[in-house]
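Work through the exercises below with the sequence and the structure side by side. Try each task before reading its solution.

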Amino acid sequence: MEERRKNRRLELSGEIIIKGLGGASDTAETVEIQIVDASTTGMGFKTDKQLVIGDIYDANLTLWNKEKIRAFVQIVRAMLDGDTYHYGGVFIGMPEDVKMRIQVYETVEDEIAKQK
């Protein structure tokens, strides 16, 4: 299969906490999720919580060094696998300094891979 992604995907070893900003519920609920892959343009993640495609969520990504990055994520795809939901989302209005932090993570990951 041909790779169609614009940016390389990273597997972050951490969790994020997301809060709904709109849509079906007016109350904000904090939900822990597992990041499957991430890039400067979006991320994939898993959770047992059902989210709404098209809704935008406030997210706090935790990087390998425990640094937290705040981002807004719009859900663009969803798939149910047993009791777990797999989501894909794009970052909305990601500031350049936050994109740079993700790129630094990518660089560090590349260097570690070269040393193995």
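**Exercise 1: Aromatic rings**

Ring pairs link Phe-45, Tyr-85 and Tyr-87 into a cluster, where rings of Phe, Tyr and Trp (its six-membered ring) pair if their centres lie within 6.5 Å, and planes under 30 degrees apart count as stacked, over 60 as edge-to-face and the rest as tilted. The model is predicted, so local features need pLDDT of at least 70 and side-chain atom pairs count only at pLDDT 80 or more, while totals for chains, interfaces and linings use all residues. Residues are numbered from 1 along each chain as its sequence is written, and side-chain values use heavy atoms, with hydrogens and water left out.

*Task.* Classify the pair formed by the rings of Tyr-85 and Tyr-87, and decide whether Tyr-85 is buried or exposed.

*Solution.* A search of the whole structure finds two aromatic pairs. In the pair of Tyr-85 and Tyr-87 the ring centres are 5.9 Å apart and the planes meet at 20°, so this pair is stacked. For the second step, buried means under 20% relative accessible area, exposed over 50%, and partly exposed in between (1.4 Å probe, protein chains only). Tyr-85, at 18% relative accessibility, therefore counts as buried, and Tyr-87 is buried too, with a relative accessible area of 1%.

**Exercise 2: Salt bridges**

*Task.* Find how many salt bridges there are, and describe where Asp-58 and Arg-70 lie in the chain.

*Solution.* Begin with the rule, by which a salt bridge is a side-chain nitrogen of Lys or Arg within 4 Å of a carboxyl oxygen of Asp or Glu. By this rule the count comes to four salt bridges. One of them joins Asp-58 to Arg-70, whose closest N and O atoms are 2.7 Å apart. This pair links distant parts of the chain, since Asp-58 belongs to strand 4 and Arg-70 to strand 5, twelve residues apart; strands (E, at least two residues) and helices (H or I, at least four) are DSSP runs, numbered from the N terminus. Asp-58 is buried, having a relative accessible area of 12%.
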